[in-house]
Amino acid sequence: MKSVQPAAQARPPRITFIVDDDDDDSGNLLATEDNEIQEPDSLVEDGVFIEVTKLEKNSRRIESRISIDATLDSVWDILTDYERLSDFIPGLALSKLIQKAPSFARFLQIGEQNLAFGLKFDAKGVIDCYEKELETLPSGIKRDIDFKMIEGDFQLFEGKWSISQLFSSGSDESPVREISTTLSYIVDVKPKMWFPVGLIEGRLCKEIKKNLISIRGEAQKAIDRTVDVNQFG
């Protein structure tokens, strides 16, 4: 009797987008198959990496990351200043704090996104954020913020911000320890039944790109202000 081999479990299809970190508004995305994924050399320096995974029907997981020339604490302070997010993140019309407790925040966010054919999608939701404790890594530190939309225009919208700061040991020529900070963002998203995720998937990737670049820019401004104070204070 021939033995029957169990069928291999299908893996969710993955689409990888490498988003060039330029200032134009084209929103062009380069998609590759899973077995052809090649991270660009510029990724660690100044690129935004975005990967989209198709989950169940009408839902996606979007993972992204960007390197930032700042400390973990600096990036953390920017992310947790919830009511100021709308001051520098494009497309975010309102970010209003509703409730704040130690390691917890609930706030209302309203954003407007332009879609194809002159359509507009107004995303509105109440989001809970859970600020995690600092973790020590073998060669650095990490801190996360878990978030979940509890009320709003999405059936599912939850994920995590993660800041990792790694330290190099230096060298004989330069004994100073160098810092490498990466900001990561992952979100599982599923619109309401009447709205196909395919219509907003590309737009979400583009907006995530803008958000990450805006946070990096805000971190750089904070560094510049500190330098000015030290020089002229």
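**Aromatic pairs**

I searched the whole structure for aromatic pairs and found six. I counted rings of Phe, Tyr and Trp (its six-membered ring) as a pair if their centres lie within 6.5 Å, with planes under 30 degrees apart taken as stacked, over 60 as edge-to-face and the rest as tilted. The model is a predicted one, where local features need pLDDT of at least 70, side-chain atom pairs count only at pLDDT 80 or more, and totals for chains, interfaces and linings use all residues. Residues are numbered from 1 along each chain as its sequence is written, and side-chain values use heavy atoms, with hydrogens and water left out.

I looked up phenylalanine 147 with phenylalanine 157: the pair is tilted, at 6.1 Å centre to centre and 40° between the planes. Phenylalanine 147 is in strand 9 and phenylalanine 157 in strand 10, so this pair ties together parts 10 residues apart in sequence. Helices (H or I, at least four residues) and strands (E, at least two) are DSSP runs, numbered from the N terminus. Phenylalanine 147 counts as buried at 7% relative accessibility, and phenylalanine 157 counts as buried at 15%. For these labels, buried means under 20% relative accessible area, exposed over 50%, and partly exposed in between (1.4 Å probe, protein chains only).

Phenylalanine 157 also pairs with phenylalanine 154, again tilted, at 5.2 Å centre to centre and 45° between the planes. Phenylalanine 154 is buried too. I noted one aromatic cluster made of Phe147, Phe154, Phe157, Trp161 and Tyr185.

Which element gives the most to the lining? Helix 4 does, with seven residues. By class I list 28 nonpolar, six polar and three charged residues in the lining. Here Ala, Val, Leu, Ile, Met, Phe, Trp, Tyr, Cys and Pro are nonpolar, Asp, Glu, Lys and Arg charged, and the others, Gly among them, polar.

**Salt bridges**

I count 13 salt bridges, each a side-chain nitrogen of Lys or Arg within 4 Å of a carboxyl oxygen of Asp or Glu.

Arginine 60 meets glutamate 201 at 2.6 Å, N to O. Arginine 60 is in strand 4 and glutamate 201 in helix 4, 141 residues apart. Arginine 60 is buried at 11%, and glutamate 201 is buried at 11%.

Arginine 84 meets glutamate 218 at 3.0 Å, N to O. Arginine 84 lies in the loop between helix 2 and helix 3 and glutamate 218 in helix 4, so the pair ties together parts 134 residues apart in sequence. Arginine 84 is partly exposed at 33%, whereas glutamate 218 is buried at 5%.

Within helix 4, glutamate 207 and arginine 203 are four residues apart, about one turn. Their closest N and O atoms are 3.4 Å apart. Glutamate 207 is buried at 9%; arginine 203 is partly exposed at 23%. I also noted a network of Glu135, Lys142, Asp144 and Lys160, joined by salt bridges that share partners.
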